[in-house]
Amino acid sequence: MYQAVARAPIPALDRPFRRLSDAATYSRLWLGIAAVIALTGGERGREAALEGVLAVGVTSATTNLGIKPLARRRRPDRADASLAAARQARMPESGSFPSGHAASAFAFGYAVGRHLPGLAVPIRLLAGGVAYSRVHTGVHYPGDVAIGSVVGAGTAAMVAAASDRISLSRRRQRQSDDHLR
C-alpha cells in the first residue's frame, strides 16, 4: 500500500500535502487553530481550544515517549528515485510507529469536535489530510497513520472523560456553595 501511494503520479498534490505535513509538525497547525477558536469562539471556543491542546499534549507524550521507543519501527526507505523531491517531507529521526502527526491530528479533531459540532467535520477532514500526508510524503507506512489516528482519538476520549469529571465536580461544588449561602 505504501508503494502504491508513493508511486501514484499526482504531482499537483505533492507540494500541498508536503506543506500540510510540515504545518502539522510540532502541532503548529493545531495550536494555531486552537488560538483562533479560543479568540473567536467565546466560552465554548475556549473550552474546545483548551481541551484540544491538552489532548494533543497527552497524545504526543503517549506516542513519542511511550509507544515509539517500545516499537522502534524503522521509517520507510526513500532511496526509490520515483519519489519526487517536491513530495518529500523531512525524514524525522524518531521511529515510524505510530505516526505522531496522525495521533495529534485526531486527538485535536476529537476534542474540538465534541465541543463545537459545526467544526467537527472540517477539523476531522483536515486531520485525515494530515494523516494521509505522512504516507504521501514518504515518512510513514499506512499502518503507522492508522494506528496513530486510533491512539490520538482514544487518548482524546480519555482526556475528555477526565475533563467532564472535573467540570461535573466543579458544578457540584458551586451548587453546594450556592446552597449554603
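Visitor: Which residues have the most contacts inside the largest nonpolar core?

Guide: This is a predicted model. In its largest nonpolar core, L29, W30, I33, I37, F108, V112 and V130 have the most contacts. That core has 18 residues.

Visitor: Which helices each supply at least two residues of this core?

Guide: They are α2 (11-23), α3 (28-40), α4 (42-71), α5 (100-115) and α6 (117-136). Helix α3 gives the most, with five residues.

Visitor: What does V112 touch, leaving out residues up to four places away in sequence?

Guide: V112 touches I37, A48, G52, L119 and I123.

Visitor: Which residues does the second, separate core include?

Guide: Among its seven residues are V5, A102, V135 and V145.

Visitor: How many aromatic pairs are there?

Guide: The count is two. A pair of aromatic rings is described by the distance of the centres and the angle of the planes.

Visitor: Why is the pair of F17 and Y132 called edge-to-face?

Guide: Take the distance, then the angle. Rings pair if their centres lie within 6.5 Å. The centres of F17 and Y132 are 4.9 Å apart, so the rings pair. Planes over 60 degrees apart count as edge-to-face. Here the planes stand at 70°, so the pair is edge-to-face.

Visitor: What makes this pair a tie between parts of the chain?

Guide: F17 lies in helix α2 and Y132 in helix α6. These parts are 115 residues apart in sequence, so the pair ties them together.

Visitor: Why does F17 count as buried?

Guide: Buried means under 20% relative accessible area. F17 has 17%, so F17 counts as buried.

Visitor: And why is Y132 called partly exposed?

Guide: Exposed means over 50%, and partly exposed lies in between that and the buried limit of 20%. Y132 has a relative accessible area of 29%, so Y132 is partly exposed.

Visitor: Why is the pair of W30 and F108 called tilted?

Guide: The ring centres are 5.3 Å apart, within the 6.5 Å limit, so these rings pair. Under 30 degrees would be stacked, and over 60 edge-to-face. The planes of W30 and F108 are at 35°, so the pair is tilted.

Visitor: Where do W30 and F108 lie?

Guide: W30 is in helix α3 and F108 in helix α5, 78 residues apart. Both are buried.

Visitor: How many helices and strands does the chain have?

Guide: It has seven helices and zero strands. Buried residues make up 42% of the 181 residues.

Definitions and conventions: Residues are numbered from 1 along each chain as its sequence is written. This is a predicted model: local features need pLDDT of at least 70, side-chain atom pairs count only at pLDDT 80 or more; totals for chains, interfaces and linings use all residues. Side-chain values use heavy atoms; hydrogens and water are left out. Helices (H or I, at least four residues) and strands (E, at least two) are DSSP runs, numbered from the N terminus. Buried means under 20% relative accessible area, exposed over 50%, partly exposed in between (1.4 Å probe, protein chains only). A nonpolar core is a set of buried Ala, Val, Leu, Ile, Met, Phe, Trp, Tyr and Cys residues joined through side-chain atoms within 4.5 Å. Contact means heavy atoms within 4.5 Å. Rings of Phe, Tyr and Trp (its six-membered ring) pair if their centres lie within 6.5 Å; planes under 30 degrees apart count as stacked, over 60 as edge-to-face and the rest as tilted.
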